[in-house]
Amino acid sequence: MNNKKAGVLLVNLGTPTAPTASAVKTFLSEFLHDKRVVDMTRFLWCPLLHGVILPIRAPKVAKLYESVWMDEGSPLMVYSQRQMRALQEHLSIPVALGMTYGQPTIKSGIEQLEEQGCEEIVILPLYPQYSRTTTAAVFDQIAKQYKTTPVLPNFSLVHNYHDHPLYIKALADSIKRSWEENGKGDYVLCSYHGIPQRFVDNGDVYAKHCERTTELLAKELNLTSEHIGMSYQSRFGREAWLQPYTSETLTELAPKGVTSLDIISPAFSSDCLETLEELAEECKEIFMEAGGQKYTFIPCLNDDQLHIEMMADIANKKFSQ
């Protein structure tokens, strides 16, 4: 590090403040208004969003959040805060937390670090694989929130870490621990959050990053394509998203002889609704109904020690540039 006081801002997507329809509606409204996420013309999208999607979807999603809500709050917020505290202890420098949507904002996180005297800030979006829908959206929020500010903060933005050696090792170690505790399954499925195929066709590198992560993980675990693969979850809307879809992959595995499955989602840095409810519960049901006999959900890295060491390594390298 140089002589300037340094700080780190961890950024995650965001979460409703409560498992209620009104809180979910507020969060989804901000999230789905972002053109990085939904690029449909506002003239068509806004009436559809507020007149149909939110009134129907918010109560349903609220019930799902209620099923995974922790005593301390939303899982994504709880784990993100644990990561923040662990990284601060590891680096012995100020670390703050910001969300792309909702509270705390990215701007409030940067201001918190500046108030502590930080002159150089590394902004680390907790998205291993780059996408216009995630990392680019973080950049947009920074530009938007500081548009009228006379002096911009001195910051650097981490683009991605999909192939970072410590990230791959942390994923592999979490799978090995699961094997020790639950037994080794016939197959490891890496289920990544999906995005519209059209985004990738127009240049988004997300799919390439997901493929590379899976390739490196397979190598680290010494697994061939017969025992590890990848798919994409969390489809929304009618247009084509990245394939293969996780739901369809799960129905195809058991008939091929995979009766014991280990499933992990490398795209998520912390457990949230998409992992704790969709992946751990919904997808298990699909697999078991298709003939599967054993389904093991492997949690996200969360505040795993090696995960925190990876964050520290990324930050330190940024500070030394």
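Colleague: In which helix does Ser174 lie?

Modeller: Ser174 belongs to helix α6, residues 165-182. Helices (H or I, at least four residues) and strands (E, at least two) are DSSP runs, numbered from the N terminus. The model is a predicted one, in which local features need pLDDT of at least 70 and side-chain atom pairs count only at pLDDT 80 or more, while totals for chains, interfaces and linings use all residues. Residues are numbered from 1 along each chain as its sequence is written, and side-chain values use heavy atoms, with hydrogens and water left out.

Colleague: Is Ser174 buried or exposed?

Modeller: The general idea is a set of cut-offs: buried means under 20% relative accessible area, exposed over 50%, and partly exposed in between (1.4 Å probe, protein chains only). Ser174 has a relative accessibility of 8%, so it counts as buried.

Colleague: Which residues does Ser174 touch, not counting residues up to four places away in sequence?

Modeller: Contact means heavy atoms within 4.5 Å. On that basis Ser174 touches Ile264, Ile298 and Leu301. The chain also brings Pro299 to this place: its C-alpha atom is 8.1 Å from that of Ser174, although the two residues are 125 apart along the chain.

Colleague: Which backbone oxygen lies 2.7 Å from a polar atom of the side chain of Ser174?

Modeller: A polar contact is a pair of N or O atoms within 3.5 Å; within protein, one must be able to donate a hydrogen and the other to accept it, and residues adjacent in sequence count only if both atoms are side-chain atoms. Here the oxygen is that of Leu171.

Colleague: How many bridges join β5 to β7?

Modeller: Four bridges link β5 (residues 187-193) with β7 (residues 260-264). Within β7, Asp262 stands opposite Val188.

Colleague: What is the order of strands β1, β2, β3 and β4 in their open sheet?

Modeller: These four strands follow the order β2-β1-β3-β4, and the pairing is parallel. Strands β2 (95-99) and β4 (155-157) each have a single partner strand, so one side of each is left without a neighbour in the sheet. The twist from one strand to the next averages 25°. Six bridges connect β1 (residues 6-12) with β3 (residues 120-125), and Leu9 has Ile123 in β3 as its bridge partner. Helix α11 packs on this sheet, touching β1, β3 and β4, at about 140° to the direction of β3.

Colleague: Which residues touch the most other members of the largest nonpolar core?

Modeller: A nonpolar core is a set of buried Ala, Val, Leu, Ile, Met, Phe, Trp, Tyr and Cys residues joined through side-chain atoms within 4.5 Å. The largest one has 55 residues, and Val8, Leu10 and Leu87 touch the most other members. Helix α11 (residues 305-320) gives the most to this core, with eight residues. A second, separate core has 19 residues, among them Leu28, Leu32, Leu54 and Tyr65.

Colleague: How many disulfides are there?

Modeller: A disulfide is a pair of cysteine sulfur atoms within 2.5 Å. The count by this rule is zero. Cys190 is in no disulfide, its nearest cysteine sulfur being that of Cys210, 9.7 Å away. Cys190 is buried, at 0% relative accessible area.

Technical notes. Two strands pair if DSSP finds at least two bridges between them. Axes are lines fitted to C-alpha atoms, for helices over the stretch in contact, and angles run from 0 to 180 degrees between N-to-C directions.
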